[in-house]
Amino acid sequence: MRVVFALVVCGALPLCAVGWYLPGVAPKNYQKSEPVELTVNKLTSVQTQLPYSYYHLPFCRPEAIDRSPENIGEVLAGDVIQSSSYDIKMLEEKTCTTLCTVPLKDKADSGKDKDEDKQAKEGGRDKPALNEFKRAIKEEYFVNWIVDNLPAAMKYPISEDNFAYIAGFPVGYATDGDKAEDKTAFLHNHVDILLKYHPIKTHPTMSQLDFGVTTEAYRIVGFEVKPRSISWPADKIKDIRPNADCSNLISDNGMVPLDLEKGDAEQVLFSYSVQWEESEIKWASRWDPYLNMTDSRIHWFSIVNSLMVVVFLSGMIALILIRILLRDISRYNADGLVVDTLEGQQEETGWKLVHADVFRPPPGSSLLAVCVASGLQILGMTVVTVAISALGLVSPARRGGLLVAMLVLFAGMGCMAGYMGARLHKYFEQSKLSHMINHGMKPQSLKGVYHDGEEVDVIVTGAYGQTSVSWMTAVLFPGLTFAIFFVLDLFIWAKNSSGAVPFSTLVTLLVLWFGMSVPLVMLGASMGYKKASYKNPVRTNQIPRNIPQQHWLTHPLLNCLVGGILPFGAVFTELLFILSSIWQHQFYYLFGFLFLVLAILVLTCAETSIAFTYVHLTSENYHWWWRSFLASGTSALYVFLYSVLYSTTRLNLTGFVPQLIYYGYTTIISYAFFLLTGAVGFLATLMFVRAIYASVKVD
């Protein structure tokens with residue numbers, strides 16, 4: 001275990017190369033009247049799950065669009081952060097200021113040089129602006145802005161003294177209708193911007209000290225928006241210029257919304273207002289309102305529900321270990337009975353009779369070793385990611401930081417996966433070798449296995465040798481994941497979405513895989529094969545024992561389906577919030593709760609597999625290897641089915657590509673969950689079986 005712990009630490013070391021952004025470390029101080037930059041991010045939709053850049057729609061564009069550099073996590077999330085033409089200065093309020101006018105019926109020509117026209121056409125801007133806006137509104141696209149690294153959010157009350165934030169604001173709203181063409185679209189062309197600030201005292205310079213001047217700076221701690229739809233008078237906006245005051249237009253026309261279905265508007269005027277509000281929230285705590293839980297009782301209910309499952313299973317395990325196993329072992333050893341003798345066989349029944357077959361290597365032992373190693377790699381990545389997130393080392397202010405941490409951690413955990421895969425593969429081959437040597441059979445020649453403390457030849461009876469198992473460990477999970485990801489990326493690219501990962505990022509992922517993960521897997525495998533193999537506590541007979549007729553309740557398929565319910569029941573409540581965070585773009589940062597749920601999940605998987613394995617052994621069925629893996633791993637099936645239910649009840653996915661994206665990524669998540677839970681169940685059961693048979697005296 002010390003070796004495994006050391007490998008976990010080594011796997012986490014690459015995170016030192018990831019620049020941490022801790023809340024409260026690098027605040028930006030603003031002086032009065034200092035410009036405050038408002039940047040625009042991607043357009044998102046729950047219906048389509050296809051993000052687009054902000055200027056994919058014919059919004060007002062600045063003279064020159066500057067694009068902020070994105071890390072690999074932001075690229076994978078489809079973020080496109082660009083400059084805007086909004087003019088905001090610290091503590092300077094604006095009642096109503098025009099931004100620009102955009103033609104609705106003609107093509108949304110930018111009016112700039114040819115390069116900008118080309119960029120507009122490539123972004124889908126070659127269609128009339130009216131149709132583009134109507135399509136975005138009916139597909140429920142949201143606009144995402146950023147000020148001082150804070151996302152724009154709409155506030156909505158959830159009680160008299162509590163509220164929550166929704167990320168971004170909708171492009172517009174549509175009336176109810178059975179079909180998209182029956183809906184009336186209204187465009188949000190005015191945004192009320194509320195910026196909250198916290199004043200601080202800064203250290204004055206020497207010259208300021210001479211005159212007794214104290215300087216005061218301001219930090220932005222909140223960014224709220226309230227969109228509105230306003231139908232401006234056509235005769236008054238025809239010749240209006242940008243950055244002009246439009247307060248009189250609002251008073252003249254009131255709050256009549258801009259109906260895009262009427263078709264009489266030739267152009268639309270975009271405007272905004274800016275209001276500043278002093279806040280007691282300090283800069284280090286400015287993310288707290290965004291991450292505020294709607295109701296913590298739901299999460300506590302999830303924890304209590306999961307703990308009840310663990311207590312129930314723990315009671316079963318305690319009953320098995322204390323009242324049955326320890327009693328049987330004590331009586332068995334005290335009476336001096338030996339199962340190999342006729343008296344022992346007549347006296348004893350159940351799990352003790354299969355001692356000579358319980359460690360017989362299963363079919364597909366090499367694949368089982370690879371699956372367990374891959375699951376352990378995913379488990380290590382998950383535990384460390386959730387732990388450092390719960391400690392606040394991965395800040396929500398660093399967009400894409402969580403994805404970067406997961407990728408680097410997964411690659412770093414390859415060393416642990418290679419080590420475990422090699423140890424298990426060598427253990428299975430050693431069991432075959434010991435069985436052949438004990439029965440006078442001559443093994444084939446390959447170096448590297450120890451028998452009775454001395455190095456002997458390996459017997460490679462499986463389909464994979466040492467190198468093949470190491471390579472399978474390196475490519476089993478990431479290979480299938482990358483294949484699904486690449487196919488989905490082709491469909492997203494065909495939709496001209498910003499979510500399409502560019503070729504350079506794909507190359508970066510491949511370099512991270514083959515340049516870091518694969519070498520670490522090979523390093524761990526080399527260490528594992530050099531270690532002495534685990535020694536079975538009992539010998540294996542040459543001829544397999546006949547398995548008696550089994551009751552239908554012990555059927556493998558039924559046991560796996562029933563066993564998978566328990567781990568799923570421990571996480572399904574928290575799974576709802578995670579799915580909402582992924583697919584409905586909601587804020588989620590409850591990693592403290594998530595760490596508790598993860599710990600409960602590990603305990604549940606271990607106890608479930610142990611309980612079902614004991615039932616099989618008492619039925620004199622020694623085919624427990626794969627069943628211990630599947631008993632807890634089948635919970636991934638329920639995760640997938642729950643995701644299907646979530647899609648039909650919570651999401652309104654329209655079109656083939658959105659459905660493909662959802663179920664493609666759901667397959668990856670379920671696949672990872674299958675390997676993780678299966679590995680936990682198998683390793684716990686292996687330790688349990690070795691412990692109980694090591695306690696029995698067998699000749």
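The model is a prediction, so local features are described at pLDDT of at least 70 and side-chain atom pairs at pLDDT 80 or more, while totals for chains, interfaces and linings use all residues. Residues are numbered from 1 along each chain as its sequence is written, and side-chain values rest on heavy atoms, with hydrogens and water left out.

The protein chain carries 19 helices and 14 strands (DSSP runs numbered from the N terminus, with helices being H or I of at least four residues and strands being E of at least two). Of its 699 residues, 51% come out as buried, where buried means under 20% relative accessible area, exposed means over 50%, and partly exposed lies in between (1.4 Å probe, protein chains only).

Helix pairs come next. Two packed helices are described by the angle between their axes and the distance between the axes. Here the axes are lines fitted to C-alpha atoms, for helices over the stretch in contact, and the angles run from 0 to 180 degrees between N-to-C directions. Helix H13 (residues 466–494) packs on helix H19 (residues 656–694) at about 170°, the two axes being 10 Å apart. On the H13 side the contact includes Leu476, Phe477, Leu480, Ile484 and Phe485, and on the H19 side its members include Phe656, Val657, Leu660, Tyr665 and Leu675. By class, the residues of this H13–H19 contact split into 17 nonpolar, 3 polar and no charged. In that scheme Ala, Val, Leu, Ile, Met, Phe, Trp, Tyr, Cys and Pro are nonpolar, Asp, Glu, Lys and Arg are charged, and the others, Gly among them, are polar.

H19 also meets helix H17 (residues 625–633), with axes that come within 7 Å and cross at roughly 135°. That makes H17 oblique to H19. The H17–H19 crossing is right-handed, that is, the near helix is turned clockwise from the far one by less than a right angle, anticlockwise being left-handed. H17 contributes Trp625, Ser628, Phe629, Leu630, Ser632 and Gly633, which meet H19 residues including Phe674, Gly678, Phe682 and Leu686. The contact of H17 with H19 has 8 nonpolar, 7 polar and no charged residues.

Helix H4 (residues 129–138) is largely enclosed by the rest of the structure, because 8 of its 10 residues are buried. Among the buried residues are Leu130, Phe133 and Ile137, along with Glu132, Lys134 and Lys138. The buried residues of H4 pack against strands E2 (94–103), E3 (141–147), E8 (172–174), E9 (185–187) and E12 (267–278). After H4 comes Glu140, with a positive phi near 60°.

A few single residues round out the picture. His190 sits in strand E10 (residues 190–202) and, with 0% relative accessibility, counts as buried. Leaving out residues up to four places away in sequence, His190 touches Cys96, Lys226, Pro227, Arg228, Ile230, Trp232, Ser271, Tyr272 and Ser273. The His190 side chain also makes a polar contact of 2.9 Å with that of Asp192. A polar contact is a pair of N or O atoms within 3.5 Å; within protein, one must be able to donate a hydrogen and the other to accept it, and residues adjacent in sequence count only if both atoms are side-chain atoms.

Asn559, in helix H15 (residues 556–583), is buried at 8% relative accessibility, and its side chain joins that of His616 through a polar contact of 2.9 Å. Ser33, by contrast, lies in the loop between helix H1 (2–12) and strand E1 (38–45) and is partly exposed, at 34% relative accessible area. The Ser33 side chain makes a 2.9 Å polar contact with the side chain of Glu92.

Definitions and conventions:
Contact means heavy atoms within 4.5 Å. Angles under 35 degrees count as roughly parallel, over 145 as roughly antiparallel, 65 to 115 as roughly perpendicular and the rest as oblique.
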